[in-house]
Amino acid sequence: MPYEARAEDGSKAQLYPDSDNWQTLQDFCSAHTAVQLPDGVWNLSRTLNLPPGFRSLRGRGVDSVTLMRNGVWNGPVIGLGGSGRWGGGLAAAANVTIAGMTVWQTDTSNTNNKCIWTEGGDNLLVEQVRVRGSIYEGIVAGSSVDGVTVRNFEAWDCGVGDAILFPRSIAGINCTNRNLLCEDFVCLRCGQGIEGGNSPAGTFRRGLIVGPNPTGLGPSLGINIGSTGRGIYRLTVEDVVVRGYDTSVALGPNGIGRLCGCTLQRCDCDGGISFSGGIADNLVPGQPGEGPDTEGSFILDNILRINGLSDDAFLYNTGPNDHYAIFGREPVTFARNTVYYDGTPQTTPTFGFAGGIEAACVVKENFSYGLNAAPTRGDVASFTSGSNPAVPGMPNLTVKGNFVFNVAGAYRQQSIKIEGA
């Protein structure tokens, strides 16, 4: 029995369960601007490319409509603007909505095999969508894209990597575009929950990220705000819960571009938060140098649960090399955060500052519970990292109004160890 997809002008296209519907759907989308999918699981043998001028692909919900990859093909299940990256790539589509469906990738033979990939399409809205199964990435929006909103979104079992083909974890949500809003999302059993960065005006908010990665491949990061393009600038992560990863949040461009003007607030996390980087010029060929600006970043009102034998809670890390004395130029404030330890004695500090940090840093009004004695290296500490020496005495560091309590909840004295003081 055929089922019918419908277009904005009333046209219909017949789809068949247990058959390859790619050519029918591709032709139908290429001939129309809006397509409503019928309930069912619809197999596709190739990428469904949404062409220029196309505006809307909709189903009735993630449990009602599924687009599923069937067979081996180099490319995502749904693509916008392939630009030759996968076969049959088209010019960039813009102002597109994808809504109300599950997008299921079953082909693990190529790193291009995402679930949804916009390589050149601006102003994309993805809402009430579930992606699943891509061992590389669930949804991808690159740094050349401007304007993406991902809302009421789920990523299941994506970015887990492959021990032979691609032996590292990627992410359920990988959006590094300009002007990003990702809200009300869930990432389950993904290699990393989120990868972001590269461009200004990005927000991830109201999310749940639950691991670990079932393949065991690393890095084990709930949120990885990195950079392989323009650096990290004016990016916000707020009201996100992270469970089951070694590190909850890594915020830093890995020595590639700038880092400034970031806010991480009201998150509830297992594992620590690291903040690092910011170099003078972008090291990616063909991109302009854009950093390091020094607007100041803020890590505020977060809850951290440290359950390991020795695990940094908050670390401003400039790395083991001096990086021309420019990695520590971004001011940062750690304020009103709460850290819960499980009583296991710690080595690393609750607030650590590694290497040559010259920017103004503030640690204030934070609470720490569950350690009968301060970590061996102090509750707050600065220290040399490899060949990257700490600033003697770190006069640019302000520590005030913090409280630490032992396992029984009794107040104990805060330990501050500043190298060279």
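How many cavities of 30 Å³ or more does the count come to? In this structure, which is a predicted model, the count comes to 3, and the largest cavity has a volume of about 40 Å³. Among the residues that line the largest cavity are F351, F367, D379, V404 and Q414, and the elements that give two or more residues to this lining are β33, residues 367–369, and β36, residues 403–405.

Let me turn now to the salt bridges, of which the count comes to 21.

In another salt bridge, the closest N and O atoms of E137 and K114 are 2.5 Å apart. E137 lies in strand β12 and K114 in the loop between β9 and β10, so this pair ties together parts that are 23 residues apart in sequence. Both E137 and K114 are buried.

R336 and D301 form a salt bridge too, at 2.9 Å, N to O, with R336 in the loop between β29 and β30 and D301 in the loop between β26 and β27. R336 is partly exposed at 39% relative accessibility, and D301 is partly exposed at 29%. Finally, salt bridges that share partners join E127, R151, E183, D184, R205 and R206 into one network.

Technical notes:
Residues numbered from 1 in each chain as written. Predicted model: local features only at pLDDT ≥ 70, side-chain atom pairs only at ≥ 80, totals over all residues. Heavy atoms only, no water. 1 Å grid on protein atoms, 1.4 Å probe; cavity = no way out; pocket = protein on both sides within 12 Å on 5 of 7 lines; lining within 4 Å. Points joined across faces, edges and corners; volume = space filled by probe spheres on them. Helix = DSSP H or I, 4+ residues; strand = E, 2+ residues; numbered from the N terminus. Salt bridge = Lys/Arg side-chain N within 4 Å of Asp/Glu carboxyl O. Buried < 20%, exposed > 50% of the residue type's maximum accessible area, 1.4 Å probe, protein only.
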